[in-house]
Amino acid sequence: MLGAFAPEDGRILAGGQSLVPTMAFRLAKPAHLIDINGIAALEKLNVENGSLSIGACVRHAAFHRPAVAGPLGALLSDVVRHIAHYPIRLRGTFCGSLAHADPASEWCLVAATLGAEITAMSTRGTRKIASGDFFAGIMTTALAEDELLAAARLPLLPDDTRFGFREFSRRAGDYAIAMALVTLHLEGGVIVDPRVGIGGAEAFPRRIPEAEAALAGRPPEPAALQAAADAAADAIEPLEDIQADAAYRRDLVRAMTQRALAQACA
Ligand SMILES: Cc1cc2nc3c(=O)[nH]c(=O)nc-3n(C[C@H](O)[C@H](O)[C@H](O)COP(=O)(O)OP(=O)(O)OC[C@H]3O[C@@H](n4cnc5c(N)ncnc54)[C@H](O)[C@@H]3O)c2cc1C
């Protein structure tokens, strides 16, 4: 149906928690809605080949309790509490968040930081897209208009993975003005394989190599964490909007990164 209707402005309806409000404001007026709810094959949430596979109809609420044992399940259930409000989390979907690609989406930050693999499906076949190639701008992705985001895969994290997540929003449940997600390991008293992802601050979430370089091989001491937070703040090109100007967002990125790192290293 998407293949047939996409050229006539046909759109997928998943949880409807972004699309329906946009339609209510008349910012989107799709000619056709293709409702994927009820397709059992898209509801799968399972571990396959070392990763957690999340089908297109898996709701945010599926992550309230750890969806998988170990650090990945704990990380996802820590992050999900920051997405909107409970009723919205019962309907909205993980994959819908990736497809919608709001700069402040928590799941987009998770996908970018952990290195998700996205499965896109159309009448032309199936292709895999790495998260680093998926986000292209504000609410813009590598998906073609006739492609369904069928599933996303997140790599399972080794048992000794430490993580930290911090988000700043004006009220609980609001979109983040800035947020930071970090994962790292401590081996022999130093930080190994750090990942630092920033969301809400730029057109789309991404890892910040400058911050990761400031951490790798250093003891988890305040000076290293502060250097990484400063590097993240310096590296970003902040969005400016009604919520925050560039300087304020840059400061928030510094603070969120520092706090997420402190959580991970505690
Ligand atoms: C009051 C409020 C507060 C919110 N706060 C937050 C927040 O803090 N953080 C956050 O991340 N989100 C927030 N949201 C958005 C919510 O998380 C949505 O659930 C999410 O953005 C989109 O998921 P959905 O399943 O509802 O998608 P839908 O609304 O159904 O679709 C959104 C868009 O993605 C497309 N789409 C959806 N699924 C697919 C697919 N499988 N393949 C291809 N295209 C697809 C649709 O065609 C549409 O263009 C909030 C929403 C509301 C109403």
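**Entry 1: helix H6.** I checked H6 (residues 106-114) for burial and found that 9 of its 9 residues are buried, so H6 is largely enclosed by the rest of the structure. I took buried as under 20% relative accessible area, exposed as over 50% and partly exposed as in between, with a 1.4 Å probe and protein chains only. Helices (H or I, at least four residues) and strands (E, at least two) are DSSP runs, numbered from the N terminus. The model is predicted, so I noted its limits: local features need pLDDT of at least 70 and side-chain atom pairs count only at pLDDT 80 or more, while totals for chains, interfaces and linings use all residues. Residues are numbered from 1 along each chain as its sequence is written, and side-chain values use heavy atoms, with hydrogens and water left out.

The buried residues of H6 run from Glu-106 and Trp-107 through Cys-108, Leu-109, Val-110, Ala-111, Ala-112 and Thr-113 to Leu-114. At the N-terminal end of H6 I found a cap: a side-chain oxygen of Ser-105 lies 3.3 Å from the backbone nitrogen of Trp-107. I counted a polar contact as a pair of N or O atoms within 3.5 Å; within protein, one must be able to donate a hydrogen and the other to accept it, and residues adjacent in sequence count only if both atoms are side-chain atoms. Just after H6, Gly-115 has a positive phi of about 85°.

**Entry 2: the sheet under H6.** Which strands does H6 lie across? They are E10, E11 (178-187), E12 and E13, and H6 runs at about 35° to E11. Axes here are lines fitted to C-alpha atoms, for helices over the stretch in contact (heavy atoms within 4.5 Å), and angles run from 0 to 180 degrees between N-to-C directions.

I then read off the strand order, which is E10-E11-E12-E13 in an open, antiparallel sheet of 4 strands. The edge strands, each pairing on one side only, are E10 and E13 (206-207). Two strands pair if DSSP finds at least two bridges between them; E12 (residues 190-199) and E13 have 2 bridges, in the antiparallel sense. Arg-206 in E13 is the bridge partner of Ile-198.

**Entry 3: nonpolar cores.** A nonpolar core is a set of buried Ala, Val, Leu, Ile, Met, Phe, Trp, Tyr and Cys residues joined through side-chain atoms within 4.5 Å. The largest has 48 residues, and those touching the most other members are Phe-63, Leu-75, Leu-76, Phe-94, Leu-98, Trp-107 and Val-110. Elements that each supply at least two residues of this core include H3 (71-80), H5 (94-100), H6, E10 and E11. The largest share, 7 residues, comes from H6. Apart from this core lies another of 26 residues, among them Ala-201, Ala-232, Ala-260 and Cys-265.

I also checked H3: 9 of its 10 residues are buried, so H3 is largely enclosed by the rest of the structure. Leu-75 and Leu-76 are among those buried residues.

**Entry 4: Leu-98 and Thr-141.** Leaving aside neighbours within four places in sequence, Leu-98 is in contact with residues including Trp-107, Ala-111, Phe-134, Phe-135 and Thr-141. Thr-141 is found in strand E8 and is buried, with a relative accessible area of 16%. A polar atom of the Thr-141 side chain lies 3.1 Å from the backbone nitrogen of Leu-143.

**Entry 5: aromatic pairs.** Rings of Phe, Tyr and Trp (its six-membered ring) pair if their centres lie within 6.5 Å; planes under 30 degrees apart count as stacked, over 60 as edge-to-face and the rest as tilted. By this rule I have 5 aromatic pairs. Phe-134 and Phe-135 pair edge-to-face, at 5.1 Å centre to centre with 85° between the planes, and both residues are buried. Phe-168 and Tyr-248 are also edge-to-face, with centres 6.5 Å apart and planes at 85°. Phe-168 lies in E10 (residues 162-168) and Tyr-248 in H10 (residues 246-265), so this pair ties together parts that are 80 residues apart in sequence. Phe-168 is partly exposed at 28% relative accessibility, and Tyr-248 is partly exposed at 36%. Phe-63, Phe-94 and Trp-107 form one aromatic cluster.

**Entry 6: positive phi.** Most residues other than glycine have a negative phi. Asp-9 has a positive phi of about 60° and lies in the loop between H1 (2-5) and E1 (10-13). Met-139 has a positive phi near 50° and is found in the loop between E7 (135-137) and E8 (140-141).
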